[in-house]
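Here is a short report on charged side chains. Please look over the sequence and model first.

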Amino acid sequence: MADKKCTVYIIDVGPTMWKKERKQGGKGLDLTKKAVLTMLEAKVNIFSSFVENNAANSQFDINSRLPFCGGVIGGLKTDLTSLIVYGTDETNNYMNDESGGYENISVLYPIEQPKLPILRTVNEELPHGNQESDALDAISLAVEMINTHCRTLKYTKKIYLLTDGESPIDRSNREKIVEQANSSNVELNILGVDFDDEELGFFENNKSDMKKRNEKFFRKLVDDCQQGTVFSMEETLRQLSKPYIRVVRPTPVYKGTLSLGDFETNPQSSLVFNVEMYNRTTKAKLLTAKKYSSIAETSTSNDKKTFEVNVSKSHYISNNNEAVEVQMDELNKAYILGKTYVPVDELNEEIFNLPTKESMQIICFLKSDDLNRTYFMSNVSAILPPKEDPIMAQRLSAFIHALYEKESYAIVRYVRKNNETPKLGILIPYIKTPKECLHFIRIAFREDYRRFTFPSLDRVISKSGKQIVNHPYLPTDQIEYKMGKFIEGMDLTNSLTDEEGKPKEHLKVKECFNPIIHRTKRAICHRALHTDESIPSPDPEMVAQTKLIPCLIEKNKELIDELREILKIKKVIKEKGKTGKRRFADANRPPQIHSLDEILNNDELDTRENGKRARTENDVISDTLSQQEIVREVGTVDPVSNFKAMILNRDEDLVTSAVEQMSGVILHYVKTSFGEGLYKKAIECMKALRQACAQENETSRFNDFLKELKTLCFNSQPPKTHFWESVIREKISLISEDEAPDSTTTTQEAESFLNDTADKSNISAMNDDEVATDDL
Amino acid sequence: MSSSATISSWSSVIDDQSDGFEAEDDFETEELRLASGNRDAILFVIDCSLSMMKEDENGDVPFRSATQCASAVMMNKIISANDNDFLGVMFIGTEKSKNPLEKDHIYVLQNMDLSDIHRVMELNEIADDEQFDFAHEYGITEKEYPLGDVFWVCSELFNSIAASTLKTKRIFFITDQDNPHSANSIFRKAAITRARDLVESKIEINLFSISGADSTFDVNAFYTEIIPTDEEYGDSPHINASKNFNSLLSQILSKESPRRSMFSVPFRLFEGEGMTIGVKGYIMISEQKKPAYKWVHMRGETTRLTESRTKLICADTTQELLPQDIKCCFIYGGERVVFTKDEMQRIKEIGDKGITLLGFKPASALKVHYNMGPPYFIYPDEEQYEGSRRTFAALHKKMIEMEKVAICAANLRAGSLIKFVALKPQPELLDDEGQQIQPPGFTMFTLPFADDIRPLPPHSSVTPGIYFIVIYVTYAIFPPDILVDAIKPIIEKLQIRGGYDPQRFKNPSLARFYNVLIDLAINRDVEEEITDSTLPKNSLIHQRVGEFIKLFNIEANEQAKSLPEIYTPSRSSRSSSSRAPKSQGSHVDMITLYAENKVNRATVVQLKEFLNSVGIKPSGKKDDLVNQVNIYFESK
């Protein structure tokens, strides 16, 4: 059960809040706005898709399990907020409607799950009030609202009051408010603009008497409340700038026994611990986005748009060199063993699986020094005794301590659930008073481990088997000595100091946040409120962590100069031949991709060879697949992949052939397209073609092709002007000399060629004809 | 399997395009990609002379062992999905001959081809079947035949492979003849010439030598002439595999997969020019899983693998979408927030490709529970920067001496996500015979971010919390010594020596899967039983430590009685422990204990913690620690 939270933000919007310029920059309301926005952002949900969410029903939902899973990073449905402003010209709250006495206070959002509008309001539309209104009235209203909403249900209830304390307060209500807050268990926090802060050493000198009195009053008020604090706005903003990590409710990954010996047959002489296992490290996932169709954006249909993208998967086989789509119900599952297909009997799939029982069994122990960490292959989990079982806790604790004192680890066989695959793991005792547990990490099976050998780093053996002492691969004594100094100089445990001047370890794991996760969150929040602005830059502090700290640079400068002298590292300049023609290939070498036809062609040959074997076996049909898999043709099924494969062929130069064939395929598409069906595909091909031509010195071929295409678009019957429009939209212009050195087309020419209207193109086509006639 | 690789890689290409942000460091796919792009070809050349057919003292026949190795390598290729690689098997010294050049005494059993289960079975039959009479089937010659011809045929076989993506071509030459043409200088010369031709055409010869019972294999007698040491790497292609079958197998398997680097990046030791070297990263540990099944079409004369294609359809307009029509969208506060794929990519771009050294920490700073997955192995790369190796070697050596780890920020590929890593130097280890069992280099561990660490959930029932409240004396929070001591003999008696060797444990579910698959493939009755080496040997455990466990169980029940009746709920235990910081507690108590002459009642952990806190390095057993504490106070 997640903790339910109910938070009310009260913002002072009286005249001093938006008129008075503050020392730290901006007006009081600006600072307030920033603080509330940051607090709210952490509470607003981010999903990868819409979920049924009805705030009105949330009261009833919170007792059931969370109705959605995955994708949530921000707050939860049980995290409710409300926004109240006071000092407004209007009055809008139900307490005033009922009994009066709560003037100039407006409830902008009732207690509900926060959505984007509340963020927008805080960001852009906070009213500027001209009235002085009583902060205590607003607090009283907030407590009342919380009580009405939460009734006797268990909530974490908080009020944040943001004010500069410049409006008069009727102190007679003080006792009542404290009473109310304490009896309903509400935490009252006052975030004061220009309030004093001893810790930060922040003092404002020119305070009005009113502010001085109020500040004192607030401190007293909060002291009387059981929970609550007064923060200066400085401190608030500083605290809020720290990255926010979503707290994950711990759920055990395994709940069962840890045992040694067979406790079913020999209960007395076997060791059994009841345990629970929790993740200790686990990769925090990046937010995953949903696919969004930009075509729907431009579509003019008036229906309610979903912008969703459906994924459909289809299967093809070859039939006489043509790709034929086949239906799923005509297909069988099969495993592949070398060149042999083994069809799977779906009724009997279980036969492949090893039956296992949920368990964690100790196989043996080993000395901690004898285990090479290289074999670790997973994240880390922690094994703990079950909750509220002191007897088990004592037993397990004895085991942990015995392992610790014997400096030993245990090797275990772990099956998480019945019939899941067994894993090997290592148990490592961890004691850091008062915490103790066993850490569990998976280790490699034989199949997971690949042994490589590498040449020695400290010996070079000559051809005749002699050991060479002086070799460029071997460091000199001087290099080693200086390297030692370098390692000392670059120590991270003592190069920084804390406030008290004690050495402070830099880059502690717990202080290094994943800059990308936090940047993604920031970007989403930012984009939600500022649709037109570009994405915010990453958190400068987090980026600084990924760089060398300046004090180390300073400290080691001279040593580095000396090292540079003796190390003599030189960048290897690759030969021209390698980088020239094959630049495209080096830049993006995708997997080998073959056309279907290609495989099928060979398939036929091979089947003939292997036909005998294939027919003699009933259930198993062996097919030999092609060894010959050089793609030499750009087909029409997946031309882009074929094309790329040809361009990337590093053993044979197929570039020119690929370019010619691709041009042909595109022209074919455009000519034969029924309606606009093939246009998209053609555009996709053109992009690949253009990119490759620019990189592979085939500019003239591309430019010629594009001219031919343009002529085709405008001179065919009926004209294919729609297609040319998409070419313009995609900016597939002639390759200009800026892009490729072998081009003779200027950027301007390229542009005007693209955008010249149909008429002109016709004319130019005619001109071409004339020239041709002249030549005759 | 060419087309299978095609399908998976193809669909992954499409997925990458349509979804711009799940491209984390997916080196598994990278590996597959590399494997299909850089194929390997191995030709086994097995000497079939009479001496190879003789049983050695272990009862192994070297020839059979060699054939088994070929079978094991082929099976490995099938299982590890490196099934794009070529393998061939050739016998030499046979009476019969079969080879493209029609040379005598050379029998090409299996041409260079992709691995297949039927080929494995054929090899197994020759290697394992007691009934199999090699002399009868293939014959054994005692004539001297020119080794040059063997190399010539090898070259011919390699040339027959038409695949364009072949990266490595290797001959695994297994023989016990150290001087084949001792008396025939013409044959000898011809052999040397032919062998050098092989080297010229980038075909590598790996020699696995087998010593007979009464003679040791002298590599200098002949083979040093033809197998050049790779000067660049200093790797010797001669492997002495004389000990037994297992050593031959492990030597061959260690050579089986050609080293393929996962990434090749600059390693920036410091800012500015001249302090950046090149390194390559390798994966030595990677989880082998059951392969995914494929969809095949069986309604024709032949079974055909299908290719799949994913289409993206706009739900509103039903138009087919191209990758560029796709944007990315989050639902934030109930509304859509949209980014282009470029923007999503830019959000992830922090840092430059490569590894940036940030500084050093003591080796102990790399705590065991800071682990996120298998490590990478890092080795210097002279091809990027000249001088990388000596710089790397110096750093490596000094870090081992000074017991340091290097903390770095790493972007291992263009477009991959930044992370923090720790580089731990791994010293080179050799076995008695000088063969490398652990290569020198850095192991690179991915460190968790603060975001990746989960706090231990409240576990008040682990003794410390409860006792702390109830009794309020620090030393009592630990389990009674008597219980701890009762476990110790159990640990001692079940300790394995020599550390953890993954060779000892086969993955039982993979074994079951492939057993069944092979049985089905060759139409054999399915044998469901497998030997599961991971099951604990319960009878042995019972026999060795049964009595000790009994004692522990009795003692534990006894101790359980004295557990406090009042069970304090977790909430108050948490709040009060936060009021009294722990470290102070143990310190103060130690003084009290000393005053009462009861230091021995503290636990080993407490003693160690205390000693550490006063700057004394704890050493020895509990009694020694007690002594250390007493001495500390006496000296005060």
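Which residue forms a salt bridge with Asp40(B)? Arg170(B) does, with the closest N and O atoms 3.0 Å apart. A salt bridge here is a side-chain nitrogen of Lys or Arg within 4 Å of a carboxyl oxygen of Asp or Glu. The pair links strand E1 (residues 39-47) of chain B to strand E4 (residues 166-175) of chain B, 130 residues apart. Strands are DSSP runs (E, at least two residues), and helices are DSSP runs too (H or I, at least four), numbered from the N terminus.

This is a predicted model: local features need pLDDT of at least 70, and side-chain atom pairs count only at pLDDT 80 or more, while totals for chains, interfaces and linings use all residues. Residues are numbered from 1 along each chain as its sequence is written, chains are lettered from A and ligands numbered from 1 in the order written, and side-chain values use heavy atoms, without hydrogens and water.

The whole structure has 44 salt bridges over all chains. Among them are these:

| Pair | Closest N to O |
|---|---|
| Glu349(A) and Lys333(A) | 3.2 Å |

Burial is judged by relative accessible area (buried under 20%, exposed over 50%, partly exposed in between; 1.4 Å probe, protein chains only). Asp40(B) is buried at 0%, and Arg170(B) is buried at 5%. Lys333(A) is buried at 10%, whereas Glu349(A) is partly exposed at 26%. Asp519(B) is buried at 3%; Arg524(B) is partly exposed at 43%.

Chain A also holds a network of salt bridges: Arg174(A), Glu175(A), Lys220(A) and Asp224(A) are linked in it.
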